[in-house]
Structures are given as structure tokens and as C-alpha cells.
Amino acid sequence: MKIWVDADACPVVIKEILYRAAMRTGINTTLVANAFLRVPPSAHIRAVHVDKSFDVADNYIVQALQAGDLVITADIPLASLVIAKGAHALNPRGELYSSANIAERLAMRDMMDELRSQGAEIGGPATFNQADRQAFAAELDRFIARHTKNK
């Protein structure tokens, strides 16, 4: 199992949790972004810089991942592609996307986009907070425990 991070919009605190997890567990973690990233020196952590073109980072992740890998993303269409390839997707707020919930998340996203395009003023997501950070760390730990216990 590898961890892939859609790193452009990933909060710094989540990246730090992922760095510690990679160093603690030895799970290879790759951050993909269209901006240069500094990552800690570790054999288990690397950063990949891609073009700034639309969806280049997403496409890189989808092409590189293998079934069973984990992708960290808040991008619901990317999460849907990840799940379709037999991998897993976890958002920075600790919600594990799955085949059971991704269609609903996509439908909600599309509905909100449609409302915005019609001029509705809809607020964005709540400010990222300590509870989100804790939920992410807890779900990441549970995921790693479940998927590495027999390895």
C-alpha cells in the first residue's frame, strides 16, 4: 500500500500528520502538486511537481495508484476515480469515501455547482479546525491498522 496526496489544497497540518505516519510506518507517501513542495528528508516521502494545467495532479495520481492504495483528497471527482480503480480515498476532515457514499457526495457537489452557476450564494466549507485534524488522524490510524495488520 502507498499513500498519495492531492497536495495543492491539502492543509499543512494534514501534511505534517502524513509525514509522521510515513516515518513511523514506513509507508511510501507521495505528495503531488503543481507547486514545488518541501518535504522532510525521508526514504518514505517524496514530492512530485506537475504542470499547472487543469486536473494534471489528479490524472497523475489516478494513473500511478494501484488497487489498495490510499489517496488523501477533498476533490470528490478524484475520489470517485480512485474508488473506481479499487483504491481508497480519505478527505482531510477524516471522511473515508467509499463505493457506498461517493455517488451521494458527487450528486451533492453537482447540485451545489448548479446552484452557484444560477447565482445562488452558497457558503463554502466550514473553517478547518482541531476537530477536523483529530478526525483525520484517527481515521488515518484506523485505516493503516486495518490495511497493514496482515502484511
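Author: A crossing of two helices is called right-handed if the near helix is turned clockwise from the far one by less than a right angle, and left-handed if anticlockwise. In this predicted model, the crossing of α1 and α5 is right-handed. The contact draws on Val-13, Ile-14, Ile-17, Leu-18, Arg-20, Ala-21, Arg-24 and Thr-25 from α1, and on Arg-133, Phe-136, Ala-137, Leu-140, Asp-141 and Ile-144 from α5. Sorted by class, these residues comprise 9 nonpolar, 1 polar and 4 charged.

As for the geometry, the axes of helix α1 (residues 12-25) and α5 come within 10 Å and cross at roughly 25°. Since angles under 35 degrees count as roughly parallel, α1 is therefore roughly parallel to α5.

Helix α5 (residues 130-148) also lies across β1 (3-6), β4, β5 and β6, and runs at about 160° to β5. Those strands belong to an open sheet of 6 strands with mixed pairing, in the order β3-β2-β1-β4-β5-β6. The edges are taken by β3 (45-49) and β6 (96-97), each of which has a single partner strand, so one side of each is left without a neighbour in the sheet. Within the part of the sheet that α5 lies across, strand β4 (residues 70-72) and strand β5 (residues 88-90) pair in the parallel sense over 3 bridges, and Leu-70 has His-88 in β5 as its bridge partner.

Key:
Residues numbered from 1 in each chain as written. Predicted model: local features only at pLDDT ≥ 70, side-chain atom pairs only at ≥ 80, totals over all residues. Heavy atoms only, no water. Pairing = 2+ DSSP bridges. Helix = DSSP H or I, 4+ residues; strand = E, 2+ residues; numbered from the N terminus. Contact = heavy atoms within 4.5 Å. Axes fitted to C-alpha atoms, helices over the stretch in contact; angles between N-to-C directions. Parallel < 35°, antiparallel > 145°, perpendicular 65-115°, else oblique. Nonpolar A, V, L, I, M, F, W, Y, C, P; charged D, E, K, R; others polar.
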